[in-house]
Amino acid sequence: MQSNNLLRTILGAYTGLFILFLYGPFIVMGILSFQAGPEGGPQFPIIEWSTYWYQHVFGLTPPSRVAPLPIGEALLRSLTLAFATMVVSTVLGTLTAQGFRRNFRGSGFVFYLVVLGMMVPGVLLGLGMALVADQVGIDRTWWGTAFVLHVVYTFPFAFLVMLAIFNRFDKSVEEAAWALGVPPGRTFRKVTFPMIFPGVLSAMLFAFTLSYDEFPRTLFTAGSDVTMPIAIYGTFAVEIHPNIFAFGVLTTLFSFALLSVYGVLMTLSVRRAKTAAVQEEIA
Amino acid sequence: MADSTADMAAGTAHAARDGRGFLARHGNYLLLVPGVIWMILFLVVPLGMMVYVSFWTQTTFSISSDLTLQSWITFFSSDTYFGALLRTLKIWLYVLVLTFVIGYPTALFIGQVVRNKTVQTVLLVTCVIPFWTSFLIRVLAWRPMLGVEGAINILLQKFGLIAEPIEVLLFTELSVVIGMVQIYVVFMVGPIAFMLARIDESLIEAARDLGASTWTIFRKIIFPLSLPGVVVGAIFVSVMVLGEFATASALSGRKVNLLGNIIVTQVGSLKWAFAAVIGVILTVIMAVVITGLLRIVNLRRAL
């Protein structure tokens, strides 16, 4: 038993180091984003602590040799694209998962066809789509060719989440509604949907974040109006400055805000479900 | 299986009872149609197109649909491209082994040592949080870590472990491997921890009561039962690493060219047929890797 406790401690300490490894670059990025500007570079030591690069991201600093990040429009495009992808892939995922609730011939084929969408590397899909667009003669745009690929990528995630939800779902409630003569559409709205809502929310969260950060699929298919990740990739070629780190910190905060909204909605929906259950019990 | 047969029977009985004809009988398929059409049009067709174009004739400025093996011959007879293939395989193997070796103990801690579900979730979420920063920015953040004047060198020098800064840390294959391991290791930890947490504790207790040592328990019970997680993790990591190019171009100063990087360059210079050849080669490698990994365990039965 003695050696077992030692083993546990070692594994625990190791996990601590592992988490440090995951967060290392992240911490360095946070520190360096407060580098003095505009002369300070993206490395140690910190010349002087300042919020210069944060102001630089928002275009509040006087013009200097460091060009402002080409965000703004790109950010707006990315958010729009992520939103559209989220809506379409959640709808597709829910429909397909609903279809899988009954066994049918060819279910294996459809399952693998959908899951393939998240397995194929983005660069191949981007290349294939660019070739198709080139041959068919359609322009490559972020709202067209890039959008459909984003859905190909996020729809499988939504589908798997919804499949897991439907698997745990008590069918008899729905059947009771049908038996009582409630039309299918109304049953879905009033019975099924509230029960699967947490799953829908997770699927939406997955789709939004994956699409928002999507890069290899977009690179060949977005055309000249770029999205946020492509704009950042553009800065790879030239010298990097701490403004990219300041921007990274800001986007992370934004992600946390998004996660909090998800958390609040989730808690609310669980609480509402609980209240409903209690009321039922009283009645 | 019995469950799904019952489902099907219930479904058929249901359709027969209300007898609404076509819609009731085929409504199920209608639900699937939008998703399937989407995937065929935007997933199968582009991949098929890629295979087709890899046999087209490429001239300097244009491409024509006359079928030829020229691009394939160019690929395999060029040292640069064939070298990139070998380098991709090498880096993939390093990253795969390292993510497993580095990730497994953490998964073991999360899945086996911590038996509290809440703590397990908190630890996993802690591992996932870095993913909330843009992938590209996370890659870039390795530069100030690894450089000659980077954080690691500064720390090591401060502790007196090294006299001179280590130069091989940045803009080498090593930096690409380090960056990829950090980015993808979580995809290994997650599935393994999931499988480990599902192991029935009474199994381990029984083994211990029968006098098995910790090492025997690990070797005979814990590791075999975690294998499906390892395979799922390995598939995730392989698929992502084999298609990688951004990490390589950010952390190697464009010195390390993987197959993905070559695709990007070729598309940039409108050499579509050639890019397609590399795409097909990548697809084949990936198919072989996944099939090989699936040979190890039967995932459908294990999960």
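**Two chains, read step by step**

A: Start with chain A: 26 Å separate the centres of its domain 1 and domain 2, taken over C-alpha atoms. This is a predicted model, where local features need pLDDT of at least 70, side-chain atom pairs count only at pLDDT 80 or more, and totals for chains, interfaces and linings use all residues. Residues are numbered from 1 along each chain as its sequence is written, and chains are lettered from A in the order in which they are written.

Q: Which residues does the domain assignment of chain A give to each domain?
A: Domain bounds come from an automatic or database domain assignment. Here domain 1 is 1-66 + 241-283, and domain 2 is 73-237.

Q: How many residues of domain 1 of chain A are in contact with domain 2 of chain A?
A: Contact means that C-beta atoms, placed from the backbone, lie within 7 Å. Five residues of domain 1 of chain A touch six residues of domain 2 of chain A.

Q: How many helices and strands does chain A have?
A: Both are DSSP runs, numbered from the N terminus: helices are H or I, at least four residues, and strands are E, at least two. Chain A has 11 helices and zero strands.

Q: How many residues of chain B are in contact with chain A?
A: The size of an interface is often given as the accessible area lost when the parts come together. Counted by contacts, 65 residues of chain B meet 69 residues of chain A. On the chain B side, helix 2 (residues 22-53) gives the largest share, 16 residues.

Note on methods. Two residues are in contact if their C-beta atoms, placed from the backbone, lie within 7 Å.
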